[in-house]
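Here is a short briefing on a structure with its sequence. Read the lead first, then work through the topics with the 3D view open.

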Amino acid sequence: MAGPDTLRATFFEECEDLLSRLGDGLSLMAEPGETSDIETVHGVFRAVHSVKGGAAAFGLTSVVEFAHVFETVLDLMRSGRLPVSLPAMQTLLRASDVLADLVTVARDGGADPPQMASLLMELDLLAEQGPAPDLIEADFDFQPVPIHIPDGVAPSITPDPVTYAITLSPLAGLYAHGHEPAALIRALRRLGEVEVIADIDAIRPLAALDLSRPGLRWQMRLTTTKARDEIEAVFDFVGDDAEVTITRLLPEPTLPTEAPAPIMPAPPSQRPTDSSPAGSAAAVLPLSATIRVNLDRVDRLINQIGELVILEAVLAQAVTTAGLRDDSDLATSLAGIRQLAGSIQETVLSIRAQPLKPVFQRMQRITREAGDATGKQVRLAMIGDTTEVDKTVIERLADPLTHMIRNAVDHGIEAPAQRMALGKPPVGVITLSAAHRSGRVIIELSDDGGGIDRSRVRAIAEARGLVATDAVLTPADIDNLLFLPGFSSKEEASSLSGRGVGLDVVRREIQSLGGRVTLQSVPGQGTTFTIALPLTLAVLDGMLISVGPETMVLPLSAIVETIRPASAQIHLLGQSGRLVANRGALVPIIDLADCFGFAPIADLDRSVLIMVESDSGRRAALAATGIHDQRQVVIKSLEQNYGSVHGISAATILGDGRIALIIDPEEILRSTAVDSPSAARTAHG
Amino acid sequence: MRQMMLQHTADQNDVVALRIGDQDYCIDIEVVREIRGWSPTTVLPHAPAHVTGVINLRGAVVAVVDLAARLGLGKTAPTPRHVIVIVAFGPQTVGLLADVVSDILGVDHAAMQPVPDLASDATRAFITNVIPLEDGRMLRKLDLSKILPHRTAEGV
């Protein structure tokens with residue numbers, strides 16, 4: 001049964017949707033040179049109005065108060081009494097930030113955002129530019145309903161009392177969600193004169209009474225001067241839980257009544273304007289094409305499908321062991337099951353996929369705030385925000401992206417005066433784009449700022465002892481210095497991005513998601529960060545290799561190539577160091593068995609070398625005893641029941657039911673790093 | 001032992017008795033999820049000696065702790081006759097490797113005695129009580145919070 005807590009949770013979930021719609025609409029309105037569509041303004045107004053309505057139901061007074069003032073300004077705009085100007089839009093954008101904050105505070109507790117008071121004043125000032133709010137209430141909010149009546153009787157827009165016939169037929173859900181019809185009727189009474197008749201015809205005799213199918217209905221006659229909107233608002237939260245019809249009765253009882261128009265509470269972007277054919281049509285409410293499902297359930301499903309895939313592999317191995325022919329019935333059916341299981345897995349994983357939009361939208365705000373804090377003018381352009389990625393990836397992307405945006409505003413974009421001097425437009429543009437590319441999601445964040453000042457980066461790195469003064473560094477090497485821990489290029493720590501955490505944190509966070517981050521920079525033209533992420537955290541493409549007595553999995557994304565050492569040349573360096581010549585460079589060999597505490601490989605010539613590359617471009621050859629297979633594996637947490645293991649990112653279950661560990665090549669490379677980024681190069685040259 | 005199983009009153013606790021080497025130990029029955037035969041484990045790199053590896057428990061990765069090694073009685077060379085007792089302790093699920101599960105007993109609270117102050121012994125750190133049985137044997141009650149691997153990277 002839905003308790004108050006779940007209702008509250010639903011409200012906050014809806015708020016997220018509404019706030020995202022609000023942000024969408026506002027950015028559309030703020031688009032320069034764009035004459036905003038009146039529908040957009042309406043949409044924005046409705047979003048704020050719905051937040052206010054919901055908040056009122058839960059007694060969240062500060063949200064209600066703020067939304068009310070916000071709504072007043074929007075109302076002036078949608079009626080055309082307040083022009084949509086750039087300064088006004090900036091106030092509205094900031095107001096939407098505050099509204100989002102207020103909702104967060106209402107959900108998680110905390111103090112009201114400090115900007116609230118000043119924004120309330122700004123909104124009030126805006127509202128004063130339009131006519132007094134009382135006036136609008138009376139005529140604008142009124143929405144005439146089309147009625148089919150003989151000529152001459154036009155739908156009048158007068159504050160005269162109007163009578164509506166309202167029917168309320170609750171469905172089981174209404175009671176299950178804790179609504180009380182009496183409260184709805186009381187709310188109507190506040191709008192005007194109400195006559196209520198309880199319709200008990202549908203109630204079945206006691207013996208046949210089914211409590212899950214309520215039979216009680218009400219027929220009401222409401223005489224009010226208030227607008228139809230306000231009547232509809234009373235039923236806003238009834239949702240699909242009741243059939244509600246509101247019919248306007250004409251003053252002359254002889255005239256035919258208008259057909260009932262169904263109320264559509266959600267989504268608020270649709271509203272009943274068409275009159276539907278009388279009678280039964282009112283009962284057919286349009287169903288939304290989406291459902292809300294608890295994430296736990298989806299995850300359980302994903303786990304179970306994972307089990308199915310593993311079990312299928314176990315079965316396949318059993319069939320092989322039993323020596324059955326490939327074309328036997330059993331083997332054929334099994335192949336069918338394998339295909340089916342694979343496609344089910346894909347479908348289920350796609351349930352967890354969500355568009356990147358919410359996180360991208362949050363970056364709008366970050367950009368705005370960062371621009372305000374640094375006195376720079378910045379605009380964020382977004383491309384491909386409908387690209388879908390696993391929900392967990394999205395959630396964990398917010399922090400690194402925030403950091404990178406702040407970084408781009410603080411260090412990348414120049415001050416307006418400087419930009420003008422360089423012949424660039426004063427408003428800097430940061431472009432955030434996302435796209436699917438060969439099974440991964442590529443997110444690019446580029447700015448049109450000054451690019452990386454390499455000589456300064458190098459000077460700072462040398463001053464901090466991060467790189468030797470005589471090291472030979474390529475431009476790319478220097479750019480990569482930015483990712484080193486402890487590198488913060490702003491000499492005086494700025495309040496914005498210089499908080500002692502640098503891009504190394506960004507890189508680590510992206511790596512923990514199984515992704516990579518790289519950067520390119522052109523002096524004077526800007527910097528582009530490229531993040532490549534896996535589509536999901538649930539499966540991984542890996543190579544099955546033998547390490548000592550165990551089978552392990554190496555993520556395919558890190559592998560560059562595999563080499564037979566017999567054909568390559570191996571050089572000794574010092575007592576135990578070994579290097580292999582590969583494509584003109586000498587690459588260090590790391591014996592995985594030794595690394596994981598097994599007996600080291602005795603004869604390197606008989607091993608397989610797997611060339612891997614880290615984010616920073618460092619290469620190493622991992623030595624293994626053999627390569628078995630390449631396949632998609634289901635990722636299982638090791639941390640849940642044990643803890644983290646150095647050099648291991650997770651585990652998976654093999655066809656024989658045994659566990660194989662998934663190697664984290666990045667960590668192995670990092671832990672064996674004894675050299676600067678240029679060591680391999682200098683060793684070669 | 002039989003007498004102890006006759007009645008089960010409120011001031012009794014059910015425990016699962018295990019044999020490790022030639023000593024008798026026990027754990028609270030509430031934490032025991034299942035008892036299964038030994039199956040080969042996947043070795044965890046850098047793990048302490050008493051963690052034999054991980055097994056697949058219906059899709060979950062579960063670490064197996066060799067109780068004998070943990071208690072300082074020497075490493076077990078597991079055979080199919082050994083058992084793994086799956087315990088849920090807080091959010092963690094862990095397998096305990098023992099020689100055999102000997103009994104399920106009701107133990108009086110009054111019968112639980114504090115661990116005597118003997119000379120320092122690796123085992124002592126891992127037991128909370130000792131319980132003398134009527135047949136002359138003695139049960140040692142294991143302190144799971146000390147035995148289980150910590151979730152932070154142990155052994156790294």
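A residue is buried if 20 or more other C-beta atoms lie within 10 Å of its own, exposed if 12 or fewer, and partly exposed in between. Take B:His46 as a test case: it has 16 C-beta neighbours inside 10 Å, so it counts as partly exposed. The model is predicted. Chain A holds 20 helices and 23 strands.

**Chain A overall**

- Chain A has 685 residues, and buried residues make up 34% of them.
- Consider contacts in chain A between residues at least 6 apart in sequence: 66% of them join residues at least 24 apart.

**Where the chains meet**

- In this model, 25 residues of chain A are in contact with 24 residues of chain B.
- On the side of chain A that touches chain B, the elements giving two or more residues are α10, β22 (648-653) and β23 (659-663) of chain A.
- That side of chain A divides into 10 nonpolar, 10 polar and five charged residues.

**The nonpolar cores**

- The largest nonpolar core has 126 residues.
- Which residues have the most contacts inside this core? They are B:Val54 and B:Val65.
- Helix α13 (residues 391-412) of chain A gives this core its largest share, eight residues.
- A second, separate core has 38 residues, including A:Val69, A:Phe70, A:Val73 and A:Leu82.
- Go back to B:Val54 and leave aside its neighbours within four places in sequence. In chain A, B:Val54 is in contact with A:Tyr642, A:Ala651 and A:Ile659.
- Within chain B, the contacts of B:Val54 include B:Thr41, B:Leu44, B:Val61 and B:Val64.

**Helices α10 and α11 of chain A**

- Helix α10 covers residues 295-321 of chain A, and helix α11 covers residues 329-352 of chain A.
- Their axes come within 9 Å and cross at roughly 160°.
- Angles over 145 degrees count as roughly antiparallel, so α10(A) and α11(A) are roughly antiparallel to each other.
- α10(A) passes α11(A) in a left-handed crossing.
- On the α10(A) side, the contact includes A:Val298, A:Leu301, A:Ile305 and A:Glu312.
- On the α11(A) side, the contact includes A:Leu334, A:Arg338, A:Ile344 and A:Gln345.
- By class, the residues of this contact are 18 nonpolar, one polar and three charged.

**Helices α13 and α17 of chain A**

- Helix α17 covers residues 503-512 of chain A, and its axis is 9 Å from that of α13(A).
- The two helices pack at an angle of about 155°.
- α13(A) is therefore roughly antiparallel to α17(A).
- The crossing of α13(A) and α17(A) is left-handed.
- From α13(A), the residues in this contact are A:Arg396, A:Asp399, A:Pro400, A:His403 and A:Met404.
- They meet A:Val505, A:Val506, A:Glu509 and A:Ile510 in α17(A).
- This contact has five nonpolar, one polar and three charged residues.

- A:Leu18 lies in helix α1 (residues 4-30) of chain A.
- Is A:Leu18 buried or exposed? A:Leu18 has 24 C-beta neighbours inside 10 Å, so it counts as buried.
- A:Leu18 and A:Val44 are 26 residues apart in sequence, and their C-alpha atoms are 8.9 Å apart.
- Not counting residues up to four places away in sequence, A:Leu18 touches A:Ala47, A:Ser50 and A:Val51.
- A:Val314 lies in helix α10 of chain A.
- A:Val314 has 16 C-beta neighbours inside 10 Å, so it counts as partly exposed.
- A:Asp656 is 342 residues from A:Val314 along the chain, yet their C-alpha atoms are separated by 5.2 Å.
- Leaving aside neighbours within four places in sequence, A:Val314 is in contact with A:Gly655, A:Asp656 and A:Gly657.

**Two loop residues with positive phi**

- Phi of A:Arg583 is near 50°, a positive value in a residue other than glycine.
- A:Arg583 sits in the loop between β17 (577-582) and β18 (585-591) of chain A.
- A:Arg583 counts as exposed because it has 10 C-beta neighbours inside 10 Å.
- Phi of B:His46 is near 60°, a positive value in a residue other than glycine.
- B:His46 is in the loop between β3 (32-37) and β4 (51-57) of chain B.

How values were computed. Residues are numbered from 1 along each chain as its sequence is written. Chains are lettered from A and ligands numbered from 1 in the order in which they are written. This is a predicted model: local features need pLDDT of at least 70, side-chain atom pairs count only at pLDDT 80 or more; totals for chains, interfaces and linings use all residues. Axes are lines fitted to C-alpha atoms, for helices over the stretch in contact, and angles run from 0 to 180 degrees between N-to-C directions. Helices (H or I, at least four residues) and strands (E, at least two) are DSSP runs, numbered from the N terminus. Angles under 35 degrees count as roughly parallel, over 145 as roughly antiparallel, 65 to 115 as roughly perpendicular and the rest as oblique. A crossing is left-handed if the near helix is turned anticlockwise from the far one by less than a right angle, and right-handed if clockwise. Two residues are in contact if their C-beta atoms, placed from the backbone, lie within 7 Å. Ala, Val, Leu, Ile, Met, Phe, Trp, Tyr, Cys and Pro count as nonpolar, Asp, Glu, Lys and Arg as charged, and the others, Gly among them, as polar. A nonpolar core is a set of buried Ala, Val, Leu, Ile, Met, Phe, Trp, Tyr and Cys residues joined through C-beta atoms within 7 Å.
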